Amino acid sequence: MLHTRTTPAERRRALRERLATGRLLPMPGALNPLSARLIQDTGFEAAYLSGAVLAADLGLPDIGLTTSTEIAARAQQTTRATDLPVLIDADTGFGEPMNAARTVQLMEDAGLAGLHLEDQVNPKRCGHLDGKTVTSREEMVRRIKGAVDARRDPDFLLMARTDARSVEGLDAAVDRAKAYVDAGADAIFPEALTGEAEFEAFRKAVDVPLLANLTEFGKTPLLDTRTLENLGYDIALYPVTLLRLAMGAVEDGLRTLAAEGTQESLLPRMQTRSRLYELLGYGDYAAFDSAVHDFTLPPGT
Ligand SMILES: C[C@](O)(C(=O)O)[C@H](CC(=O)O)C(=O)O
Ligand SMILES: [Mg+2]
């Protein structure tokens with residue numbers, strides 16, 4: 001009942017231990033707290049909170065308009081709905097290095113297992129769009145050092161993302177990754193790589209865990225898990241996949257409803273009432289207080 005049984009410290013430890021196995025960890029991005037539960041229920045071992053999804057959820061573009069307190073609030077709702085370790089996209093840290101430091105503490109308090117900070121300037125943009133600008137290497141090192149200094153739980157994962165590949169080229173991006181590890185980053189997110197050779201270059205250059213971002217309609221080919229495992233990657237990220245799937249289905253459904261005047265033909269594509277109730281754990285609440293669940297569902301619902 002109420003769905004969580006583990007403390008943030010336990011989840012952070014679980015993520016660290018899972019990464020230490022060297023096996024690839026697939027990490028889908030939740031689109032809301034309930035979908036984080038579904039990510040757990042379908043057997044995934046970690047979930048992600050995407051900046052793009054958190055912004056889109058509010059009807060905003062992913063250009064750094066959301067605030068650290070807004071995303072911390074959503075993160076806390078999410079970590080209350082699942083026992084999985086959750087990694088959040090903390091964009092640029094929301095300002096100066098001292099803002100990045102405060103962001104780390106907000107995200108720790110939200111029960112997250114870790115975050116990533118990127119080396120773009122504000123206003124930032126999706127890493128797969130053209131026209132990005134990156135900070136100096138020194139500025140990003142200060143961001144990372146501020147984050148490391150603010151962290152209270154040593155198991156909270158601090159990942160550094162570099163957007164430099166599409167701005168300064170591969171070699172500069174690799175050099176930045178090395179500098180970010182030296183500054184204390186626990187893991188690296190090389191953004192918008194264009195193929196396997198580039199993934200390999202990062203794997204050769206750094207010893208810390210590496211994340212592969214498999215966002216759709218971007219610059220990176222959708223490498224499968226076997227390929228990524230062979231490349232020695234640690235996390236396979238599907239940041240916006242669930243949002244795109246859901247919004248595709250919602251839009252189709254709305255058009256069908258408008259055209260047909262009934263949702264009848266949509267029923268086979270819907271999550272059933274009983275599946276939703278199962279996911280929400282109605283049974284557990286009924287065991288606690290039978291007044292909560294004193295009805296039976298008709299067959300086939
Ligand atoms: C990973 C990412 O930062 C996100 O916010 O999910 C985005 C994803 C996207 O826009 O497709 C990014 O890659 O910049
Ligand atoms: Mg993002």
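Of the contacts in the chain with a separation of 6 or more, 72% are between residues 24 or more positions apart, contact meaning heavy atoms within 4.5 Å. The structure is a predicted model, in which local features need pLDDT of at least 70 and side-chain atom pairs count only at pLDDT 80 or more, while totals for chains, interfaces and linings use all residues. Residues are numbered from 1 along each chain as its sequence is written, and side-chain values use heavy atoms, with hydrogens and water left out.

The secondary structure of the chain consists of 13 helices and 8 strands; helices (H or I, at least four residues) and strands (E, at least two) are DSSP runs numbered from the N terminus. The C-alpha trace spans about 60 × 45 × 35 Å along its principal axes.

Buried residues account for 48% of the 301 residues. Buried means under 20% relative accessible area, exposed over 50%, and partly exposed in between (1.4 Å probe, protein chains only). The chain exposes about 14300 Å², of which carbon and sulfur atoms supply 54%; accessible areas come from the Shrake-Rupley method with a 1.4 Å probe, and for residues only the protein chains shown count as cover. There are 33 positive and 44 negative side chains, and the centres of the two sets lie 2 Å apart. Lys and Arg count as positive and Asp and Glu as negative, with His and the chain ends not counted; the place of a charge is NZ of Lys, CZ of Arg, CG of Asp or CD of Glu.

The domain assignment gives domain 1 (8–247) and domain 2 (249–293), with bounds from an automatic or database assignment. The C-alpha centres of the two domains are 32 Å apart. At their interface, 7 residues of domain 1 are in contact with 7 residues of domain 2.

Val53 belongs to helix α3 (residues 51–57) and counts as buried because its relative accessibility is 4%. Arg80 is 27 residues from Val53 along the chain, and their C-alpha atoms are separated by 18 Å.

Leu117, in strand β4, is buried, with a relative accessible area of 3%. Beyond four places in sequence, the contacts of Leu117 include Ala90, Gly93, Ala100, Met140, Arg143, Ala147 and Met159. Met140 is 23 residues from Leu117 in sequence, and the C-alpha atoms of the pair are 8.9 Å apart in space.

Backbone geometry was also examined. Most residues other than glycine have a negative phi, and most peptide bonds are trans. Asn122 and Pro123 are joined by a cis peptide bond, with omega about -5°; Pro123 lies in the loop between β4 (114–118) and α6 (137–150). Phe94, in the loop between β3 (86–89) and α5 (97–109), has a positive phi near 70°. Phe217 also has a positive phi, about 60°, and is placed in the loop between β7 (211–213) and α10 (225–230). Phe217 is exposed, with a relative accessible area of 79%.

Terms used. Chains are lettered from A and ligands numbered from 1 in the order in which they are written.
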